[in-house]
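Open the model in your viewer, and let us walk through it together, one selection at a time.

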Amino acid sequence: MAGTQYGPGQAQPGYGPAPVQPGFGGPPPQPRRRRALIIVGAVAVLVVVGIIGGLVAASHPKGGVSLPGKLLGLSKATSADARRLATTLKSEESSGGKGRLKNVQAAVYGSPSGTGIAVSGGGICGTCEAKSPAVVRGNLTSSGYAGATSFPGGSKGGTVACGTKGGLIRCTWVDKGTAGDILFAGSSASGLADAAAKTNQIRTVIEH
């Protein structure tokens with residue numbers, strides 16, 4: 001499963017201390033607003049802006065994302081905190097994409113304070129193109145994610161790259177039609193390879 005800052009090396013407002021397991025927020029318990037800011041900082045579109053290039057002219061997207069009621073056996077979270085977070089993620093991803101990512105969707109699945117995932121993504125604009133795996137890895141690294149590694153894109157193709165930070169795993173994908181991020185918390189992924197495989201599994205469900 002990323003403050004409004006969208007380029008390599010830029011500061012990340014609202015990021016706060018790196019969260020640790022279990023959960024997106026991690027112990028010790030934090031106020032709702034603080035925890036939400038940490039999750040947003042971890043999953044917003046800092047990477048997406050760097051992996052899509054092209055004109056920012058109005059155009060129909062090449063693909064799209066639809067988020068179902070369940071992913072990986074986890075139900076879409078419907079608490080006030082989860083809905084608020086999803087709204088914030090959608091806003092951050094849309095504004096960070098600077099017109100390159102269309103019809104953005106976002107949701108939290110499972111528990112924001114335990115085992116869960118946060119998904120955000122959308123369709124790439126018709127005049128935009130995906131950048132290389134090296135760029136995807138580089139942007140994860142510049143965002144503070146360690147061990148950034150590229151993985152095959154599965155049946156949907158494109159590029160998937162994952163890294164770790166503060167006990168969380170973040171995977172970014174980009175292909176010819178869509179791009180986005182998935183943040184894995186708690187036991188939702190056992191490592192980078194597992195997170196990448198689950199990212200591709202999720203993509204087969206949400207991409208169209």
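## First stop: threonine 159

Select threonine 159 and show what surrounds it: leaving aside residues up to four places away in sequence, threonine 159 touches Pro133, Val136, Thr172, Trp173 and Val174. Keep in mind as you look that this is a predicted model. Colour the strands and you will find threonine 159 in strand E8, which covers residues 159–165. Is threonine 159 buried or exposed? Its relative accessibility is 9%, and buried means under 20%, so threonine 159 counts as buried.

## Step back for the whole fold

Now zoom out and switch to a cartoon view. Of its 208 residues, 52% are buried.

Time to look at charges. Side chains of opposite charge can pair when their charged atoms come close. The structure holds 6 salt bridges, and we will visit some of them.

Select aspartate 81 and arginine 84, and display their side chains. The two meet in a salt bridge, with 2.7 Å from N to O. Where do they sit? Both belong to helix H3 (residues 80–96), and because they are 3 residues apart there, about one helical turn separates them. Check the surface around arginine 84 as well: this residue is partly exposed, with a relative accessible area of 44%.

Next, select aspartate 175 and arginine 203. Their side chains also form a salt bridge, again listed at 2.7 Å from N to O. This pair links distant parts of the chain, as the partners are 28 residues apart. Aspartate 175 lies in the loop between strand E9 (168–174) and strand E10 (178–185), while arginine 203 is in helix H5 (residues 192–206). Aspartate 175 and arginine 203 are both buried.

Which interaction connects arginine 203 with glutamate 207? It is a salt bridge, and the closest N and O atoms are 2.6 Å apart. Glutamate 207 is buried, as is arginine 203.

To finish, show Asp175, Arg203 and Glu207 side by side: salt bridges that share partners join these residues into one network.

Terms used
Residues numbered from 1 in each chain as written. Predicted model: local features only at pLDDT ≥ 70, side-chain atom pairs only at ≥ 80, totals over all residues. Heavy atoms only, no water. Buried < 20%, exposed > 50% of the residue type's maximum accessible area, 1.4 Å probe, protein only. Salt bridge = Lys/Arg side-chain N within 4 Å of Asp/Glu carboxyl O. Helix = DSSP H or I, 4+ residues; strand = E, 2+ residues; numbered from the N terminus. Contact = heavy atoms within 4.5 Å.
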